[in-house]
Amino acid sequence: MRQDWEPEDLIEVWTLLEDDMKRVRNKSGTTRLGFALLLKFFEVEARFPESAKEVPAAAVEYVAQQVKVPAAAWVDYDWQSKAIQRHRGEIRAAYGFRANTEEDQDRLAG
């Protein structure tokens with residue numbers, strides 16, 4: 001993902017829409033920011049970031065303002081937790097995706 005974003009691009013790509021805000025409403029603090037960033041990143045890239053560093057700093061700041069959580073909280077988002085697993089599942093479901101299975105891998109190999 002590109003790291004340099006102009007303000008108008010941030011607004012177009014990283015603005016949380018009404019449905020997005022409904023999804024983050026039941027979360028708080030670091031998990032609220034983490035979920036919102038994963039949601040928008042997935043919307044853009046159709047995949048999840050491999051690390052926090054992959055998410056552009058400007059996007060972190062912009063999304064943090066929208067969810068009213070300090071951008072600094074992003075470094076505290078736990079990439080090994082059960083919460084991120086739930087977040088990814090919720091986001092996949094929202095976009096009609098699911099995790100790959102062994103059967104999927106076998107079909108792809110065939």
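**Figure 1. Packing of helix α3 (residues 29–45) against helix α4 (residues 57–67) in the predicted model.** The two helices pack at an angle of about 125°, and their axes are 10 Å apart. The crossing of α3 and α4 is right-handed. On the α3 side, the residues in the contact are R32, L33, A36 and L37. They meet A59, V60, V63, A64 and V67 of α4. Sorted by class, this contact holds eight nonpolar residues, one charged residue and no polar ones.

**Figure 2. Packing of helix α1 against helix α4.** The axes of α1 and α4 come within 10 Å of each other and cross at roughly 60°. The pair is therefore oblique. α1 passes α4 in a right-handed crossing. From α1, the residues L10, I11 and W14 take part in the contact. Their partners in α4 are A58, A59, Y62, V63 and Q66. By class, the contact of α1 with α4 has seven nonpolar residues, one polar residue and no charged residues.

**Figure 3. The largest nonpolar core, with 29 residues.** Within this core, the residues that touch the most other members are W14, L33, L37, V55 and W74. Two or more residues come from each of the elements α1 (7–14), α3, α4 and α5 (82–95). The largest contribution is that of α3, which gives eight residues. In soluble globular proteins, nonpolar side chains tend to be buried together.

**Figure 4. Surroundings of W74, a member of the largest nonpolar core.** W74 is one of the residues in that core that touch the most other members. With neighbours within four places in sequence left aside, W74 is in contact with L33, G34, L37, A52, V55, V60 and W79. Among these partners, L33, L37 and V55 are also listed with W74 as residues that touch the most other members of the core.

Figure 5. H87 has a relative accessibility of 5% and so counts as buried, the cut-off being under 20%. Apart from neighbours within four places in sequence, the contacts of H87 are K27, T31, F35, L38 and Y77.

**Figure 6. A46, a residue with positive phi in the loop between α3 and α4.** Phi of A46 is about 55°, although A46 is not a glycine. A46 lies in the loop between α3 and α4. With a relative accessible area of 48%, A46 is partly exposed.

**Figure 7. K68, a residue with positive phi in the loop between α4 and α5.** K68 has a phi near 60°, a positive value in a residue other than glycine. K68 is placed in the loop between α4 and α5. Its relative accessible area is 72%, so K68 counts as exposed, the cut-off being over 50%.

**Figure 8. A94 in helix α5, shown with P7.** A94 is a residue of α5. Its relative accessible area of 29% makes A94 partly exposed. In sequence, A94 and P7 are 87 residues apart. In space, the C-alpha atoms of A94 and P7 are 27 Å apart.

Conventions. Residues numbered from 1 in each chain as written. Predicted model: local features only at pLDDT ≥ 70, side-chain atom pairs only at ≥ 80, totals over all residues. Heavy atoms only, no water. Axes fitted to C-alpha atoms, helices over the stretch in contact; angles between N-to-C directions. Helix = DSSP H or I, 4+ residues; strand = E, 2+ residues; numbered from the N terminus. Left-handed = near helix turned anticlockwise from the far one by under 90°. Contact = heavy atoms within 4.5 Å. Nonpolar A, V, L, I, M, F, W, Y, C, P; charged D, E, K, R; others polar. Core = buried A, V, L, I, M, F, W, Y, C linked by side-chain atoms within 4.5 Å. Buried < 20%, exposed > 50% of the residue type's maximum accessible area, 1.4 Å probe, protein only. Parallel < 35°, antiparallel > 145°, perpendicular 65-115°, else oblique.
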